Amino acid sequence: QVWLLDGDVGRALEIAAGARPEQVVIYVGALDDWSRLGKDFDDAVPASVSTEELAARVRSRQHDRQTEPRSRLLRMLAHDLNNPLTAIRLLSEMLVYEVTGDETRQDLQDILEASDLAAALVESVSAYAKLGLADRNRPQTVDLGAILAETTRRPCLTKSVEYDAPRMPITLRGDSNAIKQAVLDLLLNARRLSEGKHPVQVTLEVKADSAQVAARTRLVEAYAGLDSLRHPHGSTPLRDARTPVSPTGLAHAEQLANSMGGQLDIVVADRIVTFALELPLSR
């Protein structure tokens with residue numbers, strides 16, 4: 001249901017306060033300060049708006065209203081799942097150095113790797129749930145080399161990734177958590193596509209005005225359509241075709257690259273796939 005309110009702002013605010021969460025409320029009319037409408041309104045448009053534009057705005061807000069609760073639920077689920085997974089990972093890290101016997105130690109290492117992989121997937125789901133939402137984090141100076149070194153040392157990646165960390169800081173201006181997640185998604189997808197049969201070679205290259213993180217591995221089969229990983233639901237047809245990619249794909253990395261003025265390249269040649277994330281250096 002959609003409410004289109006106009007006329008007196010005070011009266012419109014009273015009516016909007018009684019709307020149910022699933023309803024879309026739009027103010028139509030002249031208003032000097034649109035912020036006066038507050039959180040009870042989904043949109044505000046001038047009285048001169050055309051019928052076609054108003055209909056388009058209504059459809060857009062209806063879509064937002066349908067997807068936002070789903071996104072919020074996914075974020076809550078990811079948060080709640082991450083707590084026990086973190087506990088499992090920390091306990092495994094402590095116990096692996098205290099137990100005796102190679103077999104028991106290896107079992108704990110396997111538990112640590114599996115729990116960290118689950119945690120990494122949960123982190124990807126959390127980032128996926130935030131796609132399209134306004135970014136409220138302020139840009140900060142981050143060391144891309146340090147982020148990459150930290151990510152490649154994760155238990156779920158250390159066995160499958162080959163990487164030599166740079167000896168000097170490589171600084172960017174951006175959201176540190178968002179950059180970490182984009183790098184993680186690159187490596188997770190490369191790891192899945194290698195199917196444990198080939199290493200993932202990770203490089204960090206500094207260019208004139210940018211830095212590029214690349215994850216490269218050999219495909220077991222000649223998988224097609226990998227470029228769709230950059231789209232929000234692009235992994236679904238790939239998984240239906242039995243292509244081993246992460247469910248969240250590279251949609252977060254694509255969004256990050258666009259927001260920072262960088263680019264994400266997905267190149268497949270001679271059964272070698274390369275995911276390359278290029279981001280501008282700080283100035």
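Visitor: In what order do the five strands of the open sheet stand, and what is the pairing called?

Guide: In this predicted model, the five strands follow the order 5-7-8-10-9, and their pairing is mixed.

Visitor: What makes strand 5 and strand 9 edge strands?

Guide: Strand 5 (161–162) and strand 9 (263–269) each have a single partner strand, so one side of each is left without a neighbour in the sheet.

Visitor: How do you know that strand 5 and strand 7 pair?

Guide: Pairing requires at least two bridges between the strands, and strand 5 is joined to strand 7 (residues 200–206) over two bridges, in the parallel sense; valine 161 stands opposite valine 200 in strand 7. Helix 4 (residues 144–152) packs on the sheet, where helix 4 touches strand 5, strand 7 and strand 8 (210–218).

Visitor: Which residues of helix 4 and helix 5 meet?

Guide: From helix 4 they include Leu144, Ile147 and Glu150, and from helix 5 they include Ile179, Lys180 and Val183. The residues of this contact of helix 4 with helix 5 divide into seven nonpolar, three polar and two charged.

Notes:
Residues numbered from 1 in each chain as written. Predicted model: local features only at pLDDT ≥ 70, side-chain atom pairs only at ≥ 80, totals over all residues. Heavy atoms only, no water. Helix = DSSP H or I, 4+ residues; strand = E, 2+ residues; numbered from the N terminus. Contact = heavy atoms within 4.5 Å. Axes fitted to C-alpha atoms, helices over the stretch in contact; angles between N-to-C directions. Nonpolar A, V, L, I, M, F, W, Y, C, P; charged D, E, K, R; others polar.
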